[in-house]
Amino acid sequence: MLKRSQWLENARKLDWEFSYVKEEEVFPEVASGKPWLPHDQWKDWDEPYRTSFTEYVRMQSKKDDALAAVREAIGKPEDFWRLPKPWLSALKLHAATLPLAEFAAVIGNLRGARFGRDSAWRTMATLGALDELRHTQIPLSSMHGLVHHDEQFDWTHRFYHSNNWVAIAARHLFDELLLTSNAIEFAVATHFVFETGFTNLQFVALSSLAHDVGDRMFEQTLNSIQSDEARHAQIGLPVLATVFEHDPAYAQYLLDKWFWRAWLLFAVVTGFSMDYLTPLEHRSRSFKEFMQEWVLDQYVRSIEELGLKKPWYWDTFLSALDNYHHMVYASAYSYRASVWFDLVVPGPEERAWLREKYPDSWDGFDRIWQTVTEHWEETDIGNDFAVHGTAIVTFCNLCQLVLSGGTPAKNTATTAIHDDKKYIFCSEPCRWIFERERERYGDHRDVVKRVLAGEAPANLVALLTEYFGLRFETWGKDAFGGDYPWLYRKRTA
Amino acid sequence: MIPLYGFLEGDSIGLLVLADENDTAADLAEKLQSAARIRVKAEAKMKVVYQGVMIASHTTVAEAQMGALDRFDVIKGELR
């Protein structure tokens, strides 16, 4: 019997010359991506894991057995209800936004498995597709099961099938990134930017917080998923290196575009969880500190090693690191009935911690939370809508998230007119991406334009129930009904 | 009604303000502050900026030639 080293290279590198079709027909640019290069330019494509299918199945089986044992021991509903209430909201946010996005990533990986330009890439993408299916099934199975005890967990499945504003934004991102990207753009955007750059934040850094909170089930789930991500993320770098060699401007564009888009998503999903929904006593570091450790240092080092530059908007990004997730969280709290998880008001100790972690930006947010707190002081416990916004909020025409760019002192929203149509963007990078690919994004209507066109109701409660798909039982509330031990209530029932 | 994007200094989000063409700059400032009151305390002295220029308090939406989906800002300062 042949040893592994004797057959693996031949099995991985199984490319051949076509006799009755052209290479361009087998790998058309529309599906394989640009720059279109003959296979000769891809033949040295390589990645470090070099996993065979047998090894893959054996390894995944062990991981699944280990996770099943953990779930058996500590994954029962009563184990979840012991967790702090705000942390359960972090789980609901994760459960709705990521597992079904991973399912969409199966498609992106399968496109790589068919249209990737080298056989070793295609093999890895096949394993990547299997990984993503696993990353869908594990959290769907463990978290949707909690719906019997808490209806908000129904959004684990419901989210992407709704017109909730967060779902519209997430679909706008993931449909492009995972479902429609060609093999090259998918590899650079998903494997290099998203998985090498950002998923460490959710799957490693947040996993360490899960450990501190005592949520061992979520911790083990994230760890198990991340071990797969670390392998198939390796597809990205060699693809990027080849694109850079032949079209450096396009390589830089892909990085700059997808770094910004990924940043906005993780600022909301991970930023909320780390700086607001993790109980203060369990916070080891701030979202910004985790970003610096897990994303910035490594990402900048990897692109500079290739000869690429930081994105042109780097200063804007560094400012956003101090502000963006705080801007969106304060906005989301005051429109919490528009989401499927509960939010909390940061109390005096949390505000002191946030000031220490964000000394350059916290003042503006502290004033907002002081005002929110004073409204709760005048309001009966549980009277959520007395401390809730009623005006229609506004959305960016690129990312579809709320117009919460910049700082409380200066919102960075920027407008543009194209073909007599008016557009508005949360930031210059969103505007730049939109204008580079206007034919792709120009006809997508944000929630405001849907309301003005009569597609969505203007009345807030009707918008929540008829369009966003929420009900009183499922829409977000203050996690404690405004009943905080530190809050001096001037009015009593 | 004319839908406008309003941005209030001190706030975390832009809001849609439904304006009448006869609304003055003072009316716009009041409407936006009222819509944002959960997060930002209303102040008496605020001015309206449209296309980079401060609008006098008595100037109407029509006179300022504000159109649907235009942006205005309400910032701290005396409304003249």
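Guide: Helices (H or I, at least four residues) and strands (E, at least two) are DSSP runs numbered from the N terminus. This is a predicted model, in which local features need pLDDT of at least 70 and side-chain atom pairs count only at pLDDT 80 or more, while totals for chains, interfaces and linings use all residues. Residues are numbered from 1 along each chain as its sequence is written, and chains are lettered from A and ligands numbered from 1 in the order in which they are written.

Visitor: How are helix 16 and helix 18 of chain A oriented to each other: roughly parallel or roughly antiparallel?
Guide: Axes are lines fitted to C-alpha atoms, for helices over the stretch in contact, and angles run from 0 to 180 degrees between N-to-C directions. Angles under 35 degrees count as roughly parallel, over 145 as roughly antiparallel, 65 to 115 as roughly perpendicular and the rest as oblique. The axes of helix 16 and helix 18 of chain A cross at roughly 15° and come within 11 Å. These two helices of chain A are therefore roughly parallel.

Visitor: Which residues of helix 18 of chain A make the contact with helix 16 of chain A?
Guide: Two residues are in contact if their C-beta atoms, placed from the backbone, lie within 7 Å. Helix 16 of chain A contributes A:H326, A:A330, A:Y333 and A:S334. From helix 18 of chain A come A:F365, A:I368 and A:V372.

Visitor: How many residues of this contact between helix 16 and helix 18 of chain A are nonpolar?
Guide: Ala, Val, Leu, Ile, Met, Phe, Trp, Tyr, Cys and Pro count as nonpolar, Asp, Glu, Lys and Arg as charged, and the others, Gly among them, as polar. In the contact of helix 16 with helix 18 of chain A, no residue is charged and two are polar. The nonpolar residues number five.

Visitor: Which helix of chain A gives the most to the side that touches chain B?
Guide: In total, 29 residues of chain A are in contact with 18 residues of chain B. On chain A, at least two residues each come from helix 16 (314-334), helix 18 (362-377), strand 2 (421-425) and helix 21 (447-452). The side of chain A that touches chain B has 16 nonpolar, 11 polar and two charged residues. With six residues, the element that gives the most is helix 18.

Visitor: Are helix 6 and helix 14 of chain A roughly parallel or roughly antiparallel?
Guide: Helix 6 (residues 85-97) packs against helix 14 of chain A with the axes 9 Å apart and at an angle of about 175°. Among the residues that meet are A:W87 and A:L93 in helix 6 and A:F272 in helix 14 of chain A. By their angle, helix 6 and helix 14 of chain A are therefore roughly antiparallel.

Visitor: At what angle do helix 14 and helix 15 of chain A cross?
Guide: Helix 14 (residues 248-277) meets helix 15 (residues 287-306) of chain A through residues including A:L255 and A:M274 on helix 14 and A:F290 on helix 15. The contact has five nonpolar, two polar and one charged residues. The axes come within 11 Å and cross at roughly 160°.

Visitor: Is A:W294 buried or exposed?
Guide: A residue is buried if 20 or more other C-beta atoms lie within 10 Å of its own, exposed if 12 or fewer, and partly exposed in between; C-beta atoms are placed from the backbone. A:W294 is found in helix 15 of chain A. Leaving out residues up to four places away in sequence, A:W294 touches A:N200, A:L201, A:V204 and A:A205. Because A:W294 has 22 C-beta neighbours inside 10 Å, A:W294 counts as buried.

Visitor: Is A:D419 buried or exposed?
Guide: A:D419 is found in the loop between strand 1 (414-418) and strand 2 of chain A. A:D419 is not a glycine, yet has a positive phi of about 50°. Since A:D419 has 6 C-beta neighbours inside 10 Å, A:D419 counts as exposed.

Visitor: What is the phi of A:D420?
Guide: A:D420 lies in the loop between strand 1 and strand 2 of chain A. A:D420 is exposed, with 5 other C-beta atoms within 10 Å. Although A:D420 is not a glycine, its phi is positive, at about 65°.
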